[in-house]
Amino acid sequence: MRSWGEGMEFNLLGMRLGPRALIWVALLAFTAAFILITALLVASNLLNFTATLPLTLTGVGIYAAAIAIFARIGFGSIARLEHLALTDSLSKLPNRRALHLQIRETASPEDEVAVALIDLDGFKMVNDVYGHAIGDQLIKEIARILKEICTDEATAYRLGGDEFAITMIGPLAATLLEGISRRFLERLAQPIAIEDRRIAIGASIGLSRGKPEGGQSSSELLRRADVAMYVSKRGGKMRCTAFKADFDRDLEAVRDLDEEMRVALANGQFRVHYQPLVDANDGTIVAVESLIRWERPGGRNIGPNVFIPVAEETGLINAIGLWVLRQACNDALSWNGIKLSVNISAAQLRNPEFPIQLGQIMEETGFPPELLELEITETSLVLDPAVAERSLEVIRSFGVNVALDDFGTGYASIGFLRQFRFEKLKLDRSLVIDSTEDESSRAMMLSSISMARALGMNVTAEGVETEDQADMVRSAGCDQIQGWLYYRPMPAAEIEQHLSPSQAPAIKSDIRRRA
C-alpha cells in the first residue's frame, strides 16, 4: 500500500495535483516572484548591486532558510493530513477510502483480491443499554482483535458505525481470508471485557473475491461482500457466507416483489381475513386473529410467509402493518365483546413511532383498547429487548394487551416472560403436533402451561387440526384453541354469522366440518 494520503488531489487551472506537488508549485512561484522583483530593482538602478552585495547575500540566505522551514512544516502538515484522511479516528484502523486506495494501487491485474465485510450483531443494543462511551470502547477492542487476528497477512479497516472489513491480495487470498474470518467469529464466541462488564457481541460476515483484470473493482467487491453479509444475517448470524451469483438474482427478485407490494398497498390489493379462537371448554368464539392476504391481479397469490419477510427487510412492513391494524379495528368494531388479535413484526416494535401510531389508530376508529391484543414473537424481543420493553410499556398504558406468539420455537426464558409480563402465551403449532407423538415434547408443553399459569397468563394452543390434539391441549389446561379443526381464516363478512346466538359454534364434529 502506498504512503498515506497520496490519493488526495487538488484542481489547479484544470490540472489535478497531489498535495506535495501543490507545495512545490507554490515554492517555485514564490521563488520566481522573488527573482523577478530583484531583477527589476537592479535593472531600474534602484539598488547599487555592488555596494549592497553583502546585504543581498544575507537576504538570499534568510530567504533560503525560510523556504526550507516552510517546506519542512508544509510537507509535515500534509503528511499528517493525509494520514488523518485515510484513518478512522476512533479505531485508528484504515478507513473505507484507504481500502479502495490499497486495492487500486497494490493489486496487479492477475492478483486475486478477497474482501470480507463484517457487521456486528447486537451493537445497537450495547449502545442503548450501556451508553455510547461503552460502545466506543467496544469498537476499539474489536479493532484490536481484528489487527491481532490479521497479523501481517491481511489488512483490517473500519468502514463506519459497526461495519469493518478485511482485505487480502495474492494467491489463495479468498481461502486464507475465510480462515481469518472464522477465527474472528470464534473469538467473538466469548464475551468481551469492557471495564467491569462482559459484553456479548456477534458478527455476520460476507466474503467476495475477484481479479482486477476481470473487471471487479474494489467498490464491486465491497457490494458483493455486503450482499453476502446480509445472507449471513438472514441465515442466523455468527457465520460467514461467500458471495454467489444467485444472491444478485435473489436481490433482484426482492426488489421486484417490494415494488409490487408498494403498488398493491396503494391500489388496495391486500385483504384481512380472520381466524376465530374458541373457548377450550364450550367452543364459543372468544377472539379472532387478523391475517393478511394478497389478492394479486390474475389470481397469482403469494403467501404471507413469502412477502412479509421481504416487507420486513425493505421497511415496507411498517406501512403494511399500520394498514392491517386500522382495517382490523374498523372491521371488529361491531363484534361486541370479541377480542381482536393483530400480529406486530419485530421492525414495527423497534420503531419508536409505532406506539404513537397505535394510539392514533385507536382514537380514529374508536376501537376499545381492552379488546385489542397485539401478538409479538420471541425474536422481536431478543433482537432489541431494551427498545421492545419501552414500546410495550407505552402500549400497555393505552390498556392494550400483549401476547407472546409462537412460543416454543425460540429463545424465551422464564426471566424473559417475567420481564415482559405477557397477558397471553400462544403455544406454537409445532409444539402441539409434536406433543401428540413425543413424550419429551408433551412434557415441555405441560411445563410451559404450568409456567404461564404461575405468571398469571392465559394460554392458547395454535394449529389444532385433530380431535386428539384438541383433547390433549384441553386436558393440559389451555384456555383457548385455534386451528382448522374449528375454523379456517375467513373474510370479515363471514365472521358475524358465527357470532350470532343461533349459530354459535359447538365442539360437535358436524358443526366444525360445516365451518
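1. First, a term: a contact here means heavy atoms within 4.5 Å. On that basis, among contacts in the protein between residues at least 6 apart in sequence, 69% join residues at least 24 apart. Keep in mind that this is a predicted model.

2. For the overall picture, the protein has 20 helices and 18 strands. Of its 515 residues, 44% count as buried.

3. Have a look at helix H6, residues 173-188. Its 16 residues reach 23 Å from the first C-alpha to the last, close to the 22 Å expected at 1.5 Å a residue.

4. Ala173, Ala174, Leu177, Ile180, Ser181, Phe184, Leu185 and Leu188 are buried. Seen down the axis of H6, these buried residues fall within an arc of 140 degrees, so they line one face of the helix. Thr175 and Glu186 are exposed, and they sit on the face turned away from that buried side.

5. What covers the buried residues of H6? The cover includes helix H5 (132-150) along with strands S3 (113-121), S5 (163-169), S6 (192-194), S8 (202-210) and S9 (240-242).

6. The other spot I'd check is where helix H3 (residues 96-106) packs with helix H7 (residues 218-234): the angle is about 120 degrees and the axes are 9 Å apart. Angles of 65 to 115 degrees count as roughly perpendicular and those over 145 as roughly antiparallel, so H3 is oblique to H7.

7. As for who touches whom, H3 brings Arg96, Leu99, His100 and Ile103, which meet Ser218, Ser219 and Leu222 of H7.

Methods
Residues are numbered from 1 along each chain as its sequence is written. This is a predicted model: local features need pLDDT of at least 70, side-chain atom pairs count only at pLDDT 80 or more; totals for chains, interfaces and linings use all residues. Side-chain values use heavy atoms; hydrogens and water are left out. Axes are lines fitted to C-alpha atoms, for helices over the stretch in contact, and angles run from 0 to 180 degrees between N-to-C directions. Helices (H or I, at least four residues) and strands (E, at least two) are DSSP runs, numbered from the N terminus. Angles under 35 degrees count as roughly parallel, over 145 as roughly antiparallel, 65 to 115 as roughly perpendicular and the rest as oblique. The expected span of a helix is 1.5 Å times one less than its number of residues. Buried means under 20% relative accessible area, exposed over 50%, partly exposed in between (1.4 Å probe, protein chains only). The arc is that of the directions from the helix axis to the C-beta atoms.
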